[in-house]
Structures are given as structure tokens and as C-alpha cells.
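Good morning, and thank you for coming.

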Amino acid sequence: MERFINLTVSVLTQGLIYSILTYGVYITYKILDFPDLTVDGSFPLGAAVTAVLLDKGIDPWIVLLIAIAAGAASGLMTGIIHVKFKVRDLLAGIITMTALFSINLQIAGSNYSVARTTPTIFTGFPATVLLGTAPLPVKKLVIFFIIALAIKLLLDLYFRTKAGLLLIASGDNEMFVTSLAVDTGKAKIMGIVISDALVALCGALVCQEQRSFSATMGTGQMVFALAAVIIGLTLFKKAGSVKGTTCALAGSVVYKACIQLAILFGLPANLLKLVTAVLFLGILIIGKSREERNA
Amino acid sequence: MKKYLSMVLAIILIFALSGCSGEKKVLIGLCQYGEHPSLDNCRLGFIEGLKEAGFSEGSDYSLDYQNGGFDDAVCTQIAQGFAAEGCTLMVGVATNAALACYAASEDNDTPVVFVAVSDPAGSKLTEGNITGTCDKLPVAAQLELIRMLQPDAETIGIIYTVSETNSVSTIKEYEKTAPAYGFRIESIGVSAQSEVTLAVDTLINKGVDCFSNLTDNNVVGVLDSILEKTDAASIPVYGSEVEQVKKGCAAGAGIDYYELGKQTGRLAARILNGEKAEDIDFETIENYSVYINPDKITVLNMALPDDVAQKAVDVTK
């Protein structure tokens, strides 16, 4: 039983951390209809910045803010390449991602570890005061829960503002927004900037949790986030009653739970990806059949 | 709704059932970074080393072996799974897997043993309840071997992946040591496996006299297609590990990763016998062997000096 609780805590924690990344991809992929491949570069960018700055002794919360700014800058680059220079969406993301690979290596090399004595958001103030001597996994779970929830609520609020509505409209019906004499380009850039800021924040959180950065950590994150968004939407989107951000959050947790289950099945290690794929397919089929019954 | 509920129940059941097995037994969680012959040898050697020290798998301990598939996020989940299972000992094979295990042990003080980490100090894997073995390539021995087999060679071509720490540090070592043996290093850094064959063509065109391999996962992964090109151009490739020479490299001075694994297994046995991992310094493997592939050497019309033939291990036998 203890093991079950421990594993659940671990899965929830991982799901919550990566939900931040999933929110980001939800904005670009689902709202803007813009497949933003910058993710594979901006995710490690957040981690690279974090690893180096933590090592320099900068406050871990301030480090998070700097990582967000770095991510936003990378999103801005993709946005400008796409909107101002009229480069195709996929290609714009690929250009930034490719550039970021070198930039990340420049910032932190191929690997960068942070010593255990360096404070992170889990071991420094205010976690120590608020959560006292709670075990580290519990601290992590609580902090990530607060962060994931806070960002979800902030995004939900943002989508109800004028700027947020414009963002949604730009993705839904670009012609309509243009006909209102509003520039969709700016809204698009804004969306990509927010998205990559979140993605880099996720990278920064992963780095604080793992105390390490590796240049390859971004590989496959886009695929993960897309799968998580789609799983979340398929399973939990029922006639608009559940918010998209909630679906993204749930999708991330379900994805990580699938990986954990695949690990637990104890099959030959090489079959891990296959088991994961089968689990996803199962979820998507169940989700689809429920959708049809409801319709 | 019923179906949904049954699914949740099924998941809970799986978790609960898997929690019932193996109580109060020594449980070793081993996370291998990915599928790779050298890393496989590390793992098998590790199990053998434990066996020699009196711990047999099954009767004395149970092994939870997991493979991360070169995915850092998966390694993290595997390592946290080990911590949740209450493993007696966590083993990380290769740097990134070791880092994941180390991070998962931050609060519970589970001892961690790493295998095949090239720079434990740089990766900050030296503080805390952790020890292991370090694999440093015998660069000087490799250069000496190349000099003996190709007395007139001037340039050595090396392809490496810019994101692999081990490779970057070894390239520096090569560049520092090569002039002493009269070589010049012509290296190309790639960022993806798909770029490796392009780099091979470039180096062949630049007229390198031979290629030397690192333990670079990306490059070694496509060794077959590298050899296809170098064979066509009659340029020898020197491997960094026995498996590479078996595949068709002419020769190579390298670490026996099976031995490295065994050495690590003995370290793990000391911990299982009650020693604290933090009291054991990490060990660097200094012993290397020279491997030759006489068939390949004949095909490439190279002379095999007697003193090399005598001390080298013939991989075709």
C-alpha cells in the first residue's frame, strides 16, 4: 500500500510539472492552430538557464522568472520569423529550435549538474517555512500542485480578457478577426510568446527537481505535449463543460501514469515504448466511443 | 460511467498487486540509460560482479531492471519508481541514468551506485550516499596503437556528438595528446545521428588516414554505415570497445565494459554488506585491452606488427 501511495505521489508530481509544458502546447496547437516546434528547444533553454544561475547562487524563484523571460524571447523569435518574415509555421519553429540547440550548449554545455547543497524552490524559502519538515516528495507535490493550479487559473482568466478572446478568435477564424481591422499577427506572436514562456518555465522546474540539465532533454517533449493535450481533450472534453486547460492538466497526468504503468508491467525493458503506445491507443478509443455515445 | 469506474479499479488493482511481491527482500533497481552494447555489458558485468561477491540474483536479491530508451524524462520516472518501491540500492548505468537515480535518492538516502560515468565530479555525483565507477577512454594507448599499425599516418578523423559530455571531454583529451604521437586530429561535431554519415564523407574527402571512435552513443549506433563508407575508401576505423572491433573496426584500445560492470558489482556488494556508499570513493578503471580484427587488417592491406599481435586480443577467435 505504501508503495502504491509513493508511486501515485510520483506520478502526480511528474504529471503536474509537465502540465505547464502541456498548457503551452495547448495554446499554440489547440487555440492558435500553430504547431510550434520551438518547444524542443525552449524546454531545455529554461533548464539550461536555471542550472547555470542556480549554480551561481541566485535565488531559485528569481531563476524561474529569468527562465520565463528566456522562453518568452525564444517564442518571440519564432513569432517574428513566422509573422513578419512569412515563414511557414513548422519551419519557423524548426529554425528557432535548431538555433536554440547551439545556444543551450553555449549556455550550459552538454550536461550541467547542480550540487545537492544548492537551494532549490523545494529546499529554500518559503517551502521550508510553509511545509516545514515534510518529506521532499510531499513538498514537491504541494509546490507543483500550487504552481500548476495557479497557472491554469491565470490562463483561464486571461482567455476571458479582450486580448485573450482575440487570441482565441485569431486561431478560430483568422479572416473574421482581420475583417474587424485587427492585426492577427500580433495576437499570434503574443500566443507563441506565452506558450514558450510556459514551456521554458516547465524546463526550469524539471531542472530544479532533477538538479541537472542535459542538452538532449528537449527531444520528444513536443510529441509528449501533443499526446497529452489530445488525450486530455479526448477523455475529458464534454460539450465545453470542462476547460481546455483542465484537459491539458489531466492529459499530462494520464500520460505520465501510462509511462509508470508501462514501467510497472515488468515486461522486457525494450517494450516500454510499445506498451505506452498501446495504452494511449486504448485511451483514445475509449474516449472516442464515449464521445459517440454522448452525441 | 461503469466502464470508466472499472478502468480506474483495474489500474488500482495493478498497482496494488505489484506492491504485494518481494517483501523484506533486498531489491536492486537498475536503470540503464538506453539500449547499447557497451551499456548492456556494464549491466551483465554488474550482475556477475555481485555474483562473484556472493550475491546471486533471485536467491539473495531481486533485480528490477529498467531501460530508459535514451529519454531523460523516462529515466526520472524509473528512478522515482525505484524510490517508491523502497529499493535497497539504485544503480544508474551511464551519466543521465545515474543523475536520475541520484535525484530520486535526495530525500530517502537510498545508496546509489553509478556505472560508466566519465566525469563523476563534473556531474556532481560525488556528494552524498553515492559511489561508482568511472570509464575514461585510454586515449594515449589508442594513439600508440594507431602509430604502430599505421607508421605513416598523419591525421585521425573523429566524429562526435556535441551534446554528449563524455565525447566532448574525450575530444579535448585527444587534441591534447595527439601531437606527442605525431598526429593531427580532424574532428566533426554532429548534433544528430542522421548527420554522422555526412560527416564521414566530409572526413574521407579531407583525406584522413584513419578514423578513431569514441564511446559516443550516436556515432557507435550507426557504426555499420560508417564502416560501409570507410571500407569502400579503404580507410581503417579504430574502435573504442571490443564490440566495435567485432563489428568490423580494424583494431582498438578500449575498456572492457563487462569488467567495468564487474568492478561496480563488487562495490555494490560492499554496500549490501553494510558499508556506506558515501565512505567509498568512486573508482576509475585504468586497465584497458587492445583488440584486433586480423581479417579486417588483411583486407585493408595493413601490416600487423608482432608485438601488437602478441598482446592484443583477437576478436575473431
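This is a predicted model: local features need pLDDT of at least 70, side-chain atom pairs count only at pLDDT 80 or more; totals for chains, interfaces and linings use all residues.

A:Leu274 counts as exposed, at 53% relative accessibility; here exposed means over 50% relative accessible area, buried means under 20%, and partly exposed lies in between, with a 1.4 Å probe and protein chains only. A:Leu274 sits in helix H12 of chain A. Helices are DSSP runs of H or I with at least four residues, strands are runs of E with at least two, and both are numbered from the N terminus. The C-alpha of A:Leu274 is separated by 8.8 Å from that of A:Ala262, 12 residues apart along the chain.

Residues are numbered from 1 along each chain as its sequence is written, chains are lettered from A and ligands numbered from 1 in the order in which they are written, and side-chain values use heavy atoms, leaving out hydrogens and water.

Let us turn to A:Tyr26. Is this residue buried or exposed? At 10% relative accessibility, A:Tyr26 counts as buried. Its place is in helix H1 of chain A. Not counting residues up to four places away in sequence, A:Tyr26 touches A:Ile31, A:Val229, A:Leu233, A:Gly244, A:Thr245 and A:Ala248, where contact means heavy atoms within 4.5 Å. A:Tyr26 and A:Cys247 are 221 residues apart in sequence, yet 9.3 Å apart in space, C-alpha to C-alpha.

Next, the interface. The contact takes 43 residues from chain A and 42 residues from chain B. The area buried between the two chains is about 4,100 Å², and carbon and sulfur atoms give 55% of that area; buried area is the accessible area, with a 1.4 Å probe, that two parts lose on being put together, summed over both. A:Arg3, A:Arg116 and A:Gln210 supply 18% of the area that chain A buries against chain B, more than any other three residues.

Across this interface the rule finds three salt bridges, a salt bridge being a side-chain nitrogen of Lys or Arg within 4 Å of a carboxyl oxygen of Asp or Glu. The side chains of B:Lys124 and A:Asp55 meet in a salt bridge at 3.9 Å, N to O. On the side of chain A that touches chain B, H1(A) gives the most, with eight residues.

B:Asp71 also deserves attention. This residue is found in the loop between strand E2 (62–67) and helix H3 (72–85) of chain B. B:Asp71 is buried, with a relative accessible area of 19%. Leaving aside neighbours within four places in sequence, B:Asp71 is in contact with A:Lys273 and B:Tyr33.

How many salt bridges are there over all chains? By this rule the count comes to 22. One of them joins A:Lys152 to A:Asp156, with the closest N and O atoms 2.7 Å apart. These two residues are four apart in helix H6 of chain A and are therefore separated by about one helical turn. An α-helix has 3.6 residues a turn, so residues three or four places apart point the same way. A:Lys152 counts as buried at 9% relative accessibility, and A:Asp156 is buried at 10%.

A second example is in chain B, where B:Asp224 forms a salt bridge with B:Lys247, the closest N and O atoms being 3.6 Å apart. B:Asp224 lies in helix H9 (residues 223–232) and B:Lys247 in helix H10, so the pair ties together parts that are 23 residues apart in sequence. B:Asp224 is partly exposed at 46% relative accessible area, and B:Lys247 is partly exposed at 43%.

I shall finish with helix H11 of chain B, residues 257–272. This helix has 16 residues and reaches 22 Å from its first C-alpha to its last, close to the 22 Å expected at 1.5 Å a residue; the expected span is 1.5 Å times one less than the number of residues. Its buried residues include B:Tyr257, B:Leu260 and B:Ile271. The elements that the buried residues of H11(B) pack against include helix H2 (37–52) and strand E3 (89–93) of chain B. Just after H11(B), B:Gly274 takes a positive phi of about 120°.
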